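Reader: I would like to learn how to read a protein model. Can we go through it feature by feature?

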Amino acid sequence: MKIALLGFGVVGSGAYQIITSQPDCGISIKRALVRSLRPAPAEGLFTTDFQEILQDPEIELVAEAMGGLEPAYSYVLAALQAGKHVVTANKLLVCHKFAELTQAAKTAGVQFRYTASAGGGIPWLFNLLRAKRLDEIQAISGAINGTTNFILGNMHKNNLPFSAALQEAQRMGYAEADPSADIDGLDLCRKCALSATLAFSAIVREEDIPTAGIRHITEADIRWAEERNMTCKQVMGSRRQGDSISVYVEPAFLHADMLEANLPIRSSIAILEGKYVGRLGFFGAGAGTLPTGMNMMQDVMDILHQVGRLHCFTEPARVDNSLLQHTYYIRGEADIPEAQERGDGWLLTKPLPVAQMHAMAREAEKAGHPLFFASIAQE
Ligand code: HSE
């Protein structure tokens, strides 16, 4: 099968490296769309003209790794409408345009896959859909933001302050160009929206998910957690409750007996809970050139070998967080009349509605005295 890459950056170049090292895999990369021409690893590979790819009848599949909404959306839509299969690693695109793109694929009778868009190298979304064939997903959870896993891991293991750990994550190429998407939880929010959409067969939007990040964490918070045998992670969670779901993204202090508390610094984990299968965890490299490029090319292999099918959901999910309560550690000025425990600059709440905690943190940020909070979790 001849394919074209859209984008030849971190993920696209990784995909190219993998496919050219496996000449018998059944896939060959004919063209790659780049912003400006530069020396290519093979003659005639690079083009700056998408029409050359779209109008090439030999190209059966387009693998998009450009990132961003436009022009990625227009190109992917045009490719689907032209009868080409599409795989993508672009979480923003899949998160915002899931219904439109899956409908377009259905109309054209082609496949649309996006496993690498949430979880980097981990075949999480693929296995979530696989599990759903015979099971009913009760919940999903996980820590699949590579940047915050790396930052928090370094703060715990190497006693780095937040700013130094962030710089190191940027140097390693984990963090997005604007690190706020990672440290404010937006990247994980999009991954959570996508994971919950697939788990519960209804569109979960970013704006449905109360989201908080680790921007204001300090070494004192890390020490507090460690003294109590806990580890800080930026986590997502979503659970079926009758015909609605609860969903959130926030920092959590995880007790050492939890699997998620014991990850190597460079790893991510996503977990599903099936009605029949119980808990299944998927663990690996949540970002990076070769792991993410591999995940994207495995989608191409699945299409080539006709594994899996197209999933289309258009109905919005019913999100109801009113029953969702967590116990929170808070550092900063918080208006909590009843606390379980108070210490020097921190307090531990009684179980508190998640929506209330997130709203209180937003207000504090607006008022110029931001606070850090983390839910307390144990097995
Ligand atoms: N910035 C993202 C992360 C890249 O840190 O997980 C992979 O989605």
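**Salt bridges and cores**

Author: Start with one side chain: Arg223 is partly exposed, at 26% relative accessibility. Buried means under 20% relative accessible area, exposed means over 50%, and partly exposed lies in between (1.4 Å probe, protein chains only). This is a predicted model, where local features need pLDDT of at least 70, side-chain atom pairs count only at pLDDT 80 or more, and totals for chains, interfaces and linings use all residues. Residues are numbered from 1 along each chain as its sequence is written, and side-chain values use heavy atoms, with hydrogens and water left out.

Reader: Which residue forms a salt bridge with Arg223?

Author: A salt bridge is a side-chain nitrogen of Lys or Arg within 4 Å of a carboxyl oxygen of Asp or Glu. For Arg223 the partner is Glu226, with the closest N and O atoms 3.2 Å apart. Glu226 is partly exposed too, with a relative accessible area of 32%. Helices (H or I, at least four residues) and strands (E, at least two) are DSSP runs, numbered from the N terminus.

Reader: Are Asp187 and Lys191 buried or exposed?

Author: Asp187 counts as buried, at 1% relative accessibility. Lys191 counts as buried as well, at 5%. Their side chains meet in a salt bridge (2.7 Å, N to O).

Reader: Which parts of the chain does the pair Asp243 and Arg318 link?

Author: Their side chains form a salt bridge (2.9 Å, N to O). This pair links distant parts of the chain, 75 residues apart. Asp243 sits in the loop between β8 (230–241) and β9 (244–255), and Arg318 in the loop between α11 (289–304) and β12 (325–326). Asp243 is exposed, with a relative accessible area of 61%.

Reader: How many salt bridges does the structure hold?

Author: It holds 19. Lys30, Asp56 and Glu58 are linked in a network of them.

Reader: Which residues touch the most other members of the largest nonpolar core?

Author: A nonpolar core is a set of buried Ala, Val, Leu, Ile, Met, Phe, Trp, Tyr and Cys residues joined through side-chain atoms within 4.5 Å. Here the largest has 59 residues, and Leu80, Phe112, Trp124, Leu128 and Ile140 touch the most other members. Helix α9 (residues 186–200) gives the largest share, nine residues.

Reader: What does a second, separate core include?

Author: That core has 25 residues, among them Val11, Ala63, Ala116 and Met297.
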